[in-house]
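Student: I'm new to this structure and would like to go through it with you. Could we take it one question at a time?

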Amino acid sequence: LAFLDRMQEDNPTPTLGPIDATNPCGEIPLLPYESCNLASIVLNNHLIKQDDNKYTIDWKDLEHTIKTGIRLLDNMIEVNTYALPEIEDMVKNGNRRIGLGVMGFAHLLFNLGIPYDSDEAVRLAQRLAKFIRRKSEEMSLMLGKERGTFPNWDISIYAGTAETYRNCAMNMIAPTGTISMLANCSSGIEPVFSLVTKRKTFFEDDKNSRPTEELLMIDPVFKNYLSKAKQYDKTTINKILHQVAEENSLENITQLTQKEKAIFTTTHYISPQWHVKIQSAWQKYFDNSVSKTVNFKNAATVDDVKDVYLQAWKLGCKGITIYRDGSKQD
């Protein structure tokens, strides 16, 4: 569901017409012939380990990555090959819209010891979004002075101001479903879906194409926590991981405290309301949009969904995606 009026509020070039589309996952509201040119920062890579073995965010390193990312995306506009002249006119010679976002947010929370469904996580999301937006603007401003503003600047909402940006918009959050697997981190701003998943593999050595091996897909941060913070041996770790895989829950894992279970919570143990609160926290400072799935249990009612739609609208989200567990079984 897209809130087009909310998207239009942040249209940097309203004289060119209203926002009339988004890309397929909804994180980039677009004018006709605009394209999505995206990159995502692995938040979990910007941590410093302190003397007490706890982590803190390396803000200086994060700033360097943000500014590198903005320059990279602006460079992409220059070197790209455009399928149609209309796209080149709107993208390269028009708005120069880009989208620098994040992934690994849930893993960042794991390492910082913050439950996803908490006010502390919402506050951190807002702080990160505000910081990323500010540093993105600083870099786009610098590029504007170095290379010139985006060509449509004089008909944009920035005309006549000191905000001589190189790009009409700068930040978004994508699902990062594939690239987060390559980066071995949690996707986008989603919670971790499952700490341990059983996956059956199919190899050519079985003539009847039956699954020949069962693999455990293990969350890397959770496994590292068990071995480093808890200092369990391999036998104990394997026992815990197999129990989590069987039960899909930490509830009966006696080796973990209630606080640890709260920190390592997963998608289906987080209420839809917290999903929306996290999304709105990021959206508050990002000029493009935010792609986020709000997960519901199978027993969710129409009214449950209605309540979350209204919550997302009231909190200023530009759109919302919901998924009720089991709704695509057929």
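Student: About how many helical turns separate K135 and E138?
Tutor: Both residues sit in helix 5; helices (H or I, at least four residues) and strands (E, at least two) are DSSP runs, numbered from the N terminus. Because K135 and E138 are 3 residues apart there, their separation is about one helical turn.

Student: Before we go on, what kind of model is this?
Tutor: Residues are numbered from 1 along each chain as its sequence is written, and side-chain values use heavy atoms, leaving out hydrogens and water. Local features need pLDDT of at least 70, side-chain atom pairs count only at pLDDT 80 or more, and totals for chains, interfaces and linings use all residues, since this is a predicted model.

Student: Back to that pair: what N to O distance is found between the side chains of K135 and E138?
Tutor: Side chains of opposite charge can pair when their charged atoms come close. K135 and E138 meet in a salt bridge, a term that needs a side-chain nitrogen of Lys or Arg within 4 Å of a carboxyl oxygen of Asp or Glu. For K135 and E138, the N to O distance is 3.4 Å.

Student: Is K135 buried or exposed?
Tutor: Buried means under 20% relative accessible area, exposed over 50%, and partly exposed in between (1.4 Å probe, protein chains only). K135 has a relative accessibility of 11%, so K135 counts as buried.

Student: How many salt bridges does the structure hold, counting that one?
Tutor: One of them joins E260 and K230, with the closest N and O atoms 3.2 Å apart. That pair links distant parts of the chain, with E260 in helix 9 (residues 258-263) and K230 in the loop between helix 7 (220-228) and helix 8 (234-247), 30 residues apart. In total, the number of salt bridges is 19.

Student: How many residues apart are D74 and R147?
Tutor: Their side chains meet in a salt bridge of 2.8 Å, N to O. D74 lies in helix 2 and R147 in helix 5, so the pair links distant parts of the chain, with a separation of 73 residues.

Student: What relative accessible area does D74 have?
Tutor: R147 is partly exposed, with 31%. D74, by contrast, is buried, because its relative accessible area is 0%.

Student: Which residues are linked with D74 in a network of salt bridges?
Tutor: R96, which lies in the loop between helix 3 (85-95) and strand 6, belongs to this network. With a relative accessibility of 2%, R96 counts as buried. Besides D74, the network holds R71, E78, R96, E146, R147 and R166.

Student: What is the phi of R96 near?
Tutor: Most residues other than glycine have a negative phi. R96 is not glycine, yet its phi is positive, near 50°.

Student: Which side chain makes a polar contact with the side chain of S140?
Tutor: S140 is in helix 5 (residues 119-147) and is buried, with a relative accessible area of 0%. Contact means heavy atoms within 4.5 Å, and leaving aside neighbours within four places in sequence, S140 is in contact with residues including I70, T164 and M170. A polar contact is a pair of N or O atoms within 3.5 Å; within protein, one must be able to donate a hydrogen and the other to accept it, and residues adjacent in sequence count only if both atoms are side-chain atoms. At 2.8 Å, the partner of S140 is N167.

Student: Which residue's backbone oxygen does the side chain of Q311 reach?
Tutor: Q311 lies in helix 11 (residues 302-314) and counts as buried, because its relative accessibility is 16%. Not counting residues up to four places away in sequence, Q311 touches V276 and K277, among others. At 3.2 Å, its side chain reaches the backbone oxygen of Q273.

Student: How many of the 12 residues of helix 10 are buried?
Tutor: Helix 10 covers residues 272-283. The cover over its buried residues includes helix 1 (4-9), helix 5 and helix 11. Helix 10 is mostly covered, and the number of its buried residues is 10.

Definitions and conventions. The expected span of a helix is 1.5 Å times one less than its number of residues.
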